[in-house]
Amino acid sequence: MIINRHLVTIAFRQLQNRRRQTFLTLLGISVGVMVLITAVSLMDGLLQSFIQKIVDIAPHVIVSGERVKSPVPDQLIVSGNGNHVVFVKKVNRERQDVIKNYPRMESLIKSDSLVQVVTPLVSMDVIGMFGTISQPVQLFGIVPFTENEIEKFSNSMVSGKFDALGRTPDGIMLGTTVAKDFTARVGDRMRIVSQSGVIYSVRVVGIFKTGINDIDDNSYVNLRLGQIIGGFSPDEASDLYIRVNDLPKDGLVASTIERETNYKAITWEQKAASVVALFKMISGIVYFLVFFVIMVAGFGVANVLITNVLEKSRDIAILKSLGFKRSEITLIYLTQGLIVAIIGAAIGCVLGFLLIEIMSSIPMASSSQSFVSSSHLMMGKNPMYFVWASLFAVVVSLVAAVGPSRNAAKVNPVEILRGER
Amino acid sequence: MNDEAIIRLEHVRKQLTMKNGGEEIVSVILPDISFDIKRGDFAAITGPSGSGKTSLLYLMGGLDKPTSGSVFLDDQEISALSEEELASMRNQKLGFVYQFHFLLPEFNALENVMMPMLARGRFSTSEARSRASELLSRLGLSEKLHNKPNQLSGGQQQRVAIARALANNPSVLLADEPTGNLDSRSAETIYKLFSELNRETGQTIVVVTHDEHFASETKRILNILDGQLNSDKRLE
């Protein structure tokens, strides 16, 4: 079969003859492609910016006090009535949620060349009081210098200086959400009530905003003060945060720690898994809906071709009598579908690009309900969006064009040419 | 005159089966007809409407297949060819002219004439273009090469259609009531054109017509009545 140029010319001229309908079909495809590109950009942008933020300012590995295994028995006695008696040497109460002798752990972990920073912290739930306002606060005791290397608080300060925390033994640094709730400002004194009911007076030295609402809900004091408020011994920590040199190796670091110390170590991927899964699910739903937009555009293509084939049945009969083969007739109409799809997709790509630019410049009020807050919509920008959206539109259009094109090839010239009588 | 048969029909039968509410109605259009057309013939097929003369023309042109019997063109049994082979055969050996011009409305006169030459890729675009403009000039349309069909008169449209039918140098030119839709002056031009073509280039022409005047200008009149060959008269 010779695919010759004038089959394309015939296809093109026929479309030109139905300018209005062709234009509307083009518009349908353009809008479909535009919406698809924008939706992908939006969903991808959200996920990417979320992951980027985590990678930038969240610990890559968190070692917690949770044990991987329960203590093994030192002595096991099986009695006659089927009961077992297990002896373990330690008889005093042991907190199962703390890392014991954390400085040793810290130096052990640090000896791994993959690890960049390790920092201990204690976490606790307390009640914060400021003026007449009192409400629960998630409080962390940290080593400011090393903590900053992981969570980069010094870049997120809204007021006050991060360094001030290290210099102020009774200092507290509030997340922006907490500060807003208390209407507290830098320099204010507030009170912290521990779980055992002891009241501590602290001074606000800084307010930060990372954009991750989970973190902006927290407040930070120095490790020692935290240990006192939370009832930890000076060598106890509730977690160790780790930042690795080479991100993909975080799983390796975590499993080494678990194997060597028996403390639970989780990676940021594991911690964020549920959020990422939620993102993916939402994206899936969005893509599914957008799919229908393109489907409707596909119906538009089918419609313009069906009309063309019906209206042009006389011309098809003539082409056949002139020696055009069935396959060539089919090709003419498939080409029409392709022309509409390619032009429509091209316009859609331009519109999609513009819409992404516009959307990413619209200021957005941040909401504490979302995972990540930002002053603007974070739109993903990747040339592959355009490639995939266009490809998808072309495939849908071609599928839509198959039926009408095959019908065109079935036109029986004798019936048509005689029918004119 | 050369006695070699270019088209030969042997016991051709054509019937149509129509379904009418579960009941099959068979209508016989051509019961059994045999004749041949010689190379260089200029034959008119006449007969009342419904006599089957158009069906006969479509069978000769390979646009339709007989129910039984054989049609030969240049000693090749075209009634046995596949649809794809028939398409190529029509392109190379046959030219059709219909009652209506049936030009492609989106293309100008020149492009319409080029179409059959480009269909099977036998000619390059430039060859097709020069040949098409030569044909159109020969038919007196050198001024109208770039006119679209709707910018041409009925007679001019029909002449473009004839040029298109002649584009691939067909063995046989088949015409179905080519003057049926024209005023008498334009029709006269077409008669003359066909006669000239036949006389000057030896083009074999078969014309279906019920125009007695046109028929009398040809060399041979085949009269069809109820699907049977009623008379076969040579003029001159």
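This is a predicted model: local features need pLDDT of at least 70, side-chain atom pairs count only at pLDDT 80 or more; totals for chains, interfaces and linings use all residues.

Me: What makes α10(A) roughly parallel to α13(A)?

Reply: The cut-off does: angles under 35 degrees count as roughly parallel. The axes cross at roughly 30°, so α10(A) is roughly parallel to α13(A). The crossing of the two is right-handed.

Me: Which residues of α10(A) and α13(A) meet?

Reply: On the α10(A) side they include A:Phe291, A:Ile294, A:Gly298 and A:Val301, and on the α13(A) side they include A:Phe392, A:Ala393, A:Val396 and A:Ser397. The residues of this contact divide into 14 nonpolar, three polar and no charged.

Me: How do α10(A) and α12(A) cross?

Reply: Helix α12 spans residues 326-361 of chain A, and its axis and that of α10(A) come within 10 Å and cross at roughly 140°. The crossing of α10(A) and α12(A) is right-handed.

Me: What meets what there?

Reply: A:Val301, A:Leu305, A:Asn308 and A:Val309 in α10(A) touch A:Tyr333, A:Gln336, A:Gly337 and A:Val340 in α12(A). That contact divides into five nonpolar, three polar and no charged residues.

**Strands of chain A**

Me: How do you know that β4(A) and β5(A) pair?

Reply: At least two bridges are needed for a pair. Strand β4 (residues 115-130) and strand β5 (residues 133-142) of chain A have ten bridges, in the antiparallel sense, so they count as paired. A:Asp125 stands opposite A:Gln138 in β5(A). The two strands form a hairpin with two residues between them, and A:Gly131 in the turn has a positive phi of about 60°.

Me: Which way do β5(A) and β10(A) run, parallel or antiparallel?

Reply: Parallel: five bridges join β5(A) to strand β10 (residues 218-222) of chain A. In this pair A:Leu139 stands opposite A:Ser219.

**Sheets and helices of chain B**

Me: What makes β2 and β5 of chain B edge strands?

Reply: Each pairs on one side only; β2 covers 23-38 and β5 covers 76-77. They belong to an open sheet of four strands with antiparallel pairing, in the order β2-β1-β4-β5. Inside that sheet, strand β1 (residues 5-20) pairs with strand β4 (residues 68-73) of chain B over five bridges, and B:Ser68 in β4(B) is the bridge partner of B:Arg13. Helix α1 (residues 53-60) of chain B lies across β1, β2 and β4, running at about 65° to β2(B).

Me: Which other open sheet is there in chain B?

Reply: One of six strands with mixed pairing, in the order β6-β7-β8-β3-β9-β10. Its edge strands are β6 (94-97) and β10 (228-234) of chain B. Strand β9 (residues 220-225) runs antiparallel to β10(B), with six bridges, and B:Asn223 stands opposite B:Ser231. Helix α5(B) packs on the sheet, touching β6 and β7 (172-176), and its direction makes about 170° with that of β6(B).

Me: Why are α3(B) and α5(B) called roughly parallel?

Reply: The axes of helix α3 (residues 109-119) and helix α5 (residues 154-166) of chain B come within 7 Å and cross at roughly 30°. The limit is 35 degrees, so roughly parallel it is. B:Ala109, B:Asn112, B:Val113 and B:Pro116 in α3(B) meet B:Val160, B:Ala163 and B:Arg164 in α5(B). They divide into five nonpolar, one polar and one charged.

**Between the chains**

Me: How many residues of chain B are in contact with chain A?

Reply: 32 residues of chain B are in contact with 29 residues of chain A. The chains bury about 2,800 Å² between them, 55% of it on carbon and sulfur atoms. B:Phe102, B:Glu106 and B:Arg120 supply 23% of the area that chain B buries against chain A, more than any other three residues.

Technical notes. Residues are numbered from 1 along each chain as its sequence is written. Chains are lettered from A and ligands numbered from 1 in the order in which they are written. Side-chain values use heavy atoms; hydrogens and water are left out. Axes are lines fitted to C-alpha atoms, for helices over the stretch in contact, and angles run from 0 to 180 degrees between N-to-C directions. Angles under 35 degrees count as roughly parallel, over 145 as roughly antiparallel, 65 to 115 as roughly perpendicular and the rest as oblique. Contact means heavy atoms within 4.5 Å. Ala, Val, Leu, Ile, Met, Phe, Trp, Tyr, Cys and Pro count as nonpolar, Asp, Glu, Lys and Arg as charged, and the others, Gly among them, as polar. Buried area is the accessible area (1.4 Å probe) that two parts lose on being put together, summed over both. A crossing is left-handed if the near helix is turned anticlockwise from the far one by less than a right angle, and right-handed if clockwise.
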